[in-house]
Amino acid sequence: MEFLSRHLTSAQDNKTIPGIKVAALAPTINHIFFADDCLIFTQANLSSVNNLLEVIHNFSTQSGQVMNFDKFVVHFSKKTKPEVAQTLTNILRVKNMTSKEKYLGSPLMVGHSKQEAFKSIKECFETRLSTWSAVNISQAGKGTMIKHVLNSIPVYQMGTFKLPNNLINQLTSIERKFFWGHKTNRGANLIAWQNLCTSKDLGGLAFRDLEKLNLALLTKLA
């Protein structure tokens, strides 16, 4: 993979596989590796695509490893003409990436609606609760479930994206109803949720404030 990376970097330097910039003053990149996955960025034209295929062919020939194009997907910017995108897709012999494509549980493409992009987190919360509803769990047990199961579900996505406040409020509402044993949004909450999110030394139960957790994880990434 170091061999492939050096070839792609060389192709970036000599403009045969020009990369992209995420901002005007940012460096140009044409590939990113993560574990055994590779994201490649280049311009949507015949020259760049053919040069990319040549690099992949040389890598396969010299390393003995064959690329599985069935696992490849391609995505074009909205400015790419449909006929150009179709031609390049046929040359690459790969599938077009759908809007629901995910990588390690996070959406690769986030559209105008973050609520829609991350609705799977809420669905996961609800699925967990549906399996627990048939079991008689004490309030102490519910607290343990919230801290060690529900609170951990969105951690990976929170470390990459700022989740919409509306979604965070919905997740908090699910946790709150589960803890107090409410079937609907109505019911008495004997202690304010923010007080329960304080440390045990201060009289709380050390539940995580999901909004603050999200900001903390993003700060750690930065």
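This is a predicted model: local features need pLDDT of at least 70, side-chain atom pairs count only at pLDDT 80 or more; totals for chains, interfaces and linings use all residues.
Student: Start with helix α1. How many residues does α1 have, and what span should they give?

Tutor: Helix α1 covers residues 2–13, twelve residues in all.

Student: Which residues of α1 are buried?

Tutor: First the general idea. An α-helix has 3.6 residues a turn, so residues three or four places apart point the same way. Now the case here. Leu4, Ser5, Leu8, Ala11 and Gln12 are buried in α1. Seen down the axis of α1, the buried residues fall within an arc of 125°, so they line one face of the helix.

Student: Which exposed residues sit on the face turned away from that buried side?

Tutor: Glu2, Arg6 and Asp13 are the exposed residues there.

Student: What covers the buried residues of α1?

Tutor: The cover includes strands β1 (31–34) and β2 (37–40), along with helix α2 (46–63). After α1 comes Lys15, whose phi is positive, near 70°.

Student: Next, helix packing. At what angle do the axes of α5 and α8 cross?

Tutor: Angles under 35 degrees count as roughly parallel. The axes of α5 (residues 119–132) and α8 cross at roughly 10° and come within 10 Å. That makes α5 roughly parallel to α8.

Student: Which residues make that contact?

Tutor: From α5 come Ile121, Lys122, Phe125, Glu126, Leu129 and Trp132. They meet Leu167, Gln170, Leu171, Ile174, Glu175 and Phe178 in α8. By class, the α5 contact with α8 has eight nonpolar, one polar and three charged residues.

Student: And α8 with α10: at what angle do they pack?

Tutor: Helix α8 (residues 165–180) and helix α10 (residues 210–221) pack at about 130°, with axes 9 Å apart. The two helices are therefore oblique to each other.

Student: Which residues meet there?

Tutor: Asn165, Ile168, Leu171, Thr172 and Glu175 in α8 meet Leu210, Glu211 and Asn214 in α10. The classes are three nonpolar, three polar and two charged residues. Leu171 and Glu175 of α8 are also listed in the contact with α5.

Student: One last residue. Is Thr89 buried or exposed?

Tutor: The cut-off for buried is under 20% relative accessible area. Thr89 has 6%, so Thr89 is buried. Thr89 lies in helix α3 (residues 82–92).

Student: What is Thr89 in contact with, leaving aside its neighbours within four places in sequence?

Tutor: Thr89 contacts Val74, Phe76, Val94 and Asn96.

Technical notes. Residues are numbered from 1 along each chain as its sequence is written. Side-chain values use heavy atoms; hydrogens and water are left out. Axes are lines fitted to C-alpha atoms, for helices over the stretch in contact, and angles run from 0 to 180 degrees between N-to-C directions. Helices (H or I, at least four residues) and strands (E, at least two) are DSSP runs, numbered from the N terminus. Angles under 35 degrees count as roughly parallel, over 145 as roughly antiparallel, 65 to 115 as roughly perpendicular and the rest as oblique. Contact means heavy atoms within 4.5 Å. Ala, Val, Leu, Ile, Met, Phe, Trp, Tyr, Cys and Pro count as nonpolar, Asp, Glu, Lys and Arg as charged, and the others, Gly among them, as polar. The expected span of a helix is 1.5 Å times one less than its number of residues. Buried means under 20% relative accessible area, exposed over 50%, partly exposed in between (1.4 Å probe, protein chains only). The arc is that of the directions from the helix axis to the C-beta atoms.
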